[in-house]
Amino acid sequence: MPTVVIGSARDIVEHCAVPRFLFVDFPLGNPCGRPWDAAMQRRIVTQGLGMLETATASGTTVECTEHWGDDAWRDRYMAVTDENRAELALKGEQLRKDRAIRERRPD
């Protein structure tokens, strides 16, 4: 079955030796574009599907033609600052509580 992986973690995906990889240089979790930007998402998926016809060699990687907009996301991505430290700590504590509850439930 022909496959195309659309993703952002280039080193990881290429290490897995997928047949066709559309590399999208976007924040993790957003491989098909900005949230609510249906036009961008459509263009990315269309480019990925196009690889089914154009990628003739195994292990082909193509860089997506779309851009996030500004590159400042790289500086902000997963940044812990004085402004967000308390909020992130609360979110982390809530995730740990939720996980503990899930682990106590019988399947």
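Analyst: Happy to! Two strands count as paired if DSSP finds at least two bridges between them. This is a predicted model, and in it three bridges join strand β1 (residues 5–7) to β2.

User: What makes β1 and β2 a pair, then, and which way do they run?

Analyst: The rule asks for at least two bridges, and β1 and β2 have three, so they pair; they run parallel. V5, for example, stands opposite F21 in β2.

User: How do you know that β2 also pairs with β3?

Analyst: Use the cut-off again: at least two bridges are needed, and four join β2 to strand β3 (residues 60–63), so these strands pair too. They run parallel. F21 stands opposite T61 in β3, while F23 has E63 as its bridge partner there.

User: What is the handedness of the crossover from β2 to β3?

Analyst: The chain goes from β2 through helix α2 (residues 38–54) to β3, and this β-α-β crossover is left-handed. By contrast, β1, helix α1 (residues 10–15) and β2 make a right-handed unit. Right-handed means that, with the strands pointing away from you, the path from the first strand over the helix to the second runs clockwise.

User: Why is β2 said to be covered on both faces?

Analyst: Look at the side chains of residues 20–23: R20 and L22 lie on one side, F21 and F23 on the other, and all of them are buried. Buried means under 20% relative accessible area.

User: Why are F26 and W68 called edge-to-face?

Analyst: A pair of aromatic rings is described by the distance of the centres and the angle of the planes. There are two aromatic pairs in the count. For F26 and W68, the centres are 5.1 Å apart, within the 6.5 Å limit, so the rings pair; the planes are 65° apart, over 60, so the pair is edge-to-face.

Notes:
Residues are numbered from 1 along each chain as its sequence is written. This is a predicted model: local features need pLDDT of at least 70, side-chain atom pairs count only at pLDDT 80 or more; totals for chains, interfaces and linings use all residues. Side-chain values use heavy atoms; hydrogens and water are left out. Buried means under 20% relative accessible area, exposed over 50%, partly exposed in between (1.4 Å probe, protein chains only). Helices (H or I, at least four residues) and strands (E, at least two) are DSSP runs, numbered from the N terminus. Rings of Phe, Tyr and Trp (its six-membered ring) pair if their centres lie within 6.5 Å; planes under 30 degrees apart count as stacked, over 60 as edge-to-face and the rest as tilted.
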